[in-house]
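Okay, thanks for coming, everyone. Let me put the sequence and the model up, and then we'll walk through a few spots together.

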Amino acid sequence: MGEGLQAAGRRSLVDVAIEQLREQLLAGAWPVGSRIPTEHELAERLQVGRNTVREAIRVLVHAGMLVSRQGEGTFVRSTSDPAAVLRGVQRSDVRDVLEVRAALEAEAARLAAVRHTAEDIARMRGALAREVEVMAASPERAGREATVEHDLEFHTALVEAAHNPALTEVYRYFGASVRESMRAAFGDHEMPEVDLRTHTALVDAVESGDPERAEAACRELLAEPTAAVEQLLAAIAARK
């Protein structure tokens, strides 16, 4: 296994080693769960120093493709490159990303209904209260840049109330992607306005402890911005 590794050149030895090890992982040279060759073996195949191999492995461990176990060696965790996945998300259009975010929030709402703490509810209500203050001060900017920070704070608090670290990390990425995609596609002045009624209903549903009610409230909240995106996309297509 692992044949075909090319000797690294003199430029960016660590980067070249990372690239070639990643290619071998993507090609399935070492199955998930298997141990990769030792640093010494890899250094010989790449014709680089063991420190270079060690640093390359460290980067791939951080990326989630490898896992190191003290006293046992380094094993393959995944043959999928997370960076490539994220690049694919970045190339997706705003509708695609919004749909994924909606799926994540709906599941988060279900979990939050049975796992939330009093502090979680307080965070969500606090974010809404700050949105109300901003909207009262500048009604003409409701749902625009003035409330974006607090709205994102609200949705992040909802997801974190599910107490699932993996879900939280995935959502953080998609949440930011949705914001940036919508701004790029429509401009801040066309961002959908925040509906405080549906947001409040969602908090109440989560606090009730009823997963079905929480999911339904979440989907109702997301229905309006999703419809707004559809209309904006249709308008853009019509102008082309």
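**Helices, a hairpin and one threonine**

So, the chain has ten helices and two strands, where helices (H or I, at least four residues) and strands (E, at least two) are DSSP runs numbered from the N terminus. Going along the sequence, the pattern reads α-α-α-β-β-α-α-α-α-α-α-α.

Quick housekeeping: this is a predicted model, with local features needing pLDDT of at least 70 and side-chain atom pairs counting only at pLDDT 80 or more, while totals for chains, interfaces and linings use all residues. Residues are numbered from 1 along each chain as its sequence is written, and side-chain values use heavy atoms, with hydrogens and water left out.

Of the 240 residues in the chain, 43% are buried, meaning under 20% relative accessible area with a 1.4 Å probe, protein chains only.

Let's start with α2, residues 39–46, and α3, residues 50–62: their axes come within 9 Å and cross at roughly 110°. Axes here are lines fitted to C-alpha atoms, for helices over the stretch in contact, and angles run from 0 to 180 degrees between N-to-C directions. So α2 and α3 are roughly perpendicular to each other, the label for 65 to 115 degrees. Glu39, His40, Leu42, Ala43 and Leu46 of α2 make the contact with Arg50, Val53, Arg54 and Ile57 of α3; contact means heavy atoms within 4.5 Å.

Next, the strands. β1 (residues 66–69) and β2 (residues 73–76) run antiparallel, joined by four bridges; pairing takes at least two DSSP bridges. Arg69 has Gly73 as its bridge partner in β2. The two strands form a hairpin with three residues between them, and Gly71 in the turn has a positive phi of about 85°.

Now, at what angle do α5 and α10 pack? About 165°, for α5 at residues 94–115 and α10 at residues 211–239, with the axes 8 Å apart. That makes α5 roughly antiparallel to α10, which is the label for angles over 145 degrees. Residues of α5 in this contact include Leu98, Ala102 and Ala109, and those of α10 include Cys218, Leu222 and Val229.

Last stop, Thr198, which sits in helix α9, residues 196–208. Is Thr198 buried or exposed? Thr198 counts as buried, at 6% relative accessibility.

Technical notes:
Angles under 35 degrees count as roughly parallel, over 145 as roughly antiparallel, 65 to 115 as roughly perpendicular and the rest as oblique. Buried means under 20% relative accessible area, exposed over 50%, partly exposed in between (1.4 Å probe, protein chains only).
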